[in-house]
Amino acid sequence: MEAVAYSHFRNNLKNYFKKVNEDYEPLIVVNKEPQDNVVVISKDTWDSIQETLYVADNKYLSETILLGLEQIKSGKTKVHELIEDYND
């Protein structure tokens, strides 16, 4: 994870926003006072984190995912052909 001084970040804001969004890499913006440091992430990364937290917090979803992984590992899966609906 890259770190950049606040003043450099401020002076190159557009470039850093582009980099964070294109690379999906968080950026640490450091200040003179360490408690004022921040991390900049893309909106897509934020949405992904929120979705992961939602699933992790939902017992039913978490158990369903774990059950599916167990079925895959034990070979208890079936291949099905997709049925396409052309009535849209």
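Reply: Two strands pair if DSSP finds at least two bridges between them. Strands (E, at least two residues) and helices (H or I, at least four) are DSSP runs numbered from the N terminus. This is a predicted model, where local features need pLDDT of at least 70, side-chain atom pairs count only at pLDDT 80 or more, and totals for chains, interfaces and linings use all residues. Residues are numbered from 1 along each chain as its sequence is written, and side-chain values use heavy atoms, without hydrogens and water.

Me: What is the strand order in the sheet?

Reply: The open sheet of three strands has the order S1-S2-S3, with mixed pairing. Strands S1 (2-5) and S3 (38-40) are the edges, each pairing on one side only.

Me: In which sense do S1 and S2 pair, parallel or antiparallel?

Reply: Parallel, over four bridges; Val4 has Val29 as its bridge partner in S2. S2 and S3 run antiparallel and are joined by three bridges, with Val40 in S3 the partner of Leu27.

Me: Which residues of S2 are on the covered face, and which on the uncovered one?

Reply: In a regular strand the side chains alternate between the two faces of the sheet. In S2, Leu27 and Val29 form the covered face, Ile28 and Val30 the uncovered one.

Me: Which residues make up the largest nonpolar core?

Reply: A nonpolar core is a set of buried Ala, Val, Leu, Ile, Met, Phe, Trp, Tyr and Cys residues joined through side-chain atoms within 4.5 Å; buried means under 20% relative accessible area, exposed over 50%, partly exposed in between (1.4 Å probe, protein chains only). Here the seven residues are Val4, Phe9, Tyr16, Val20, Leu27, Val29 and Val40. Helix H2 (13-23) and strand S2 (27-30) each give two or more of them.
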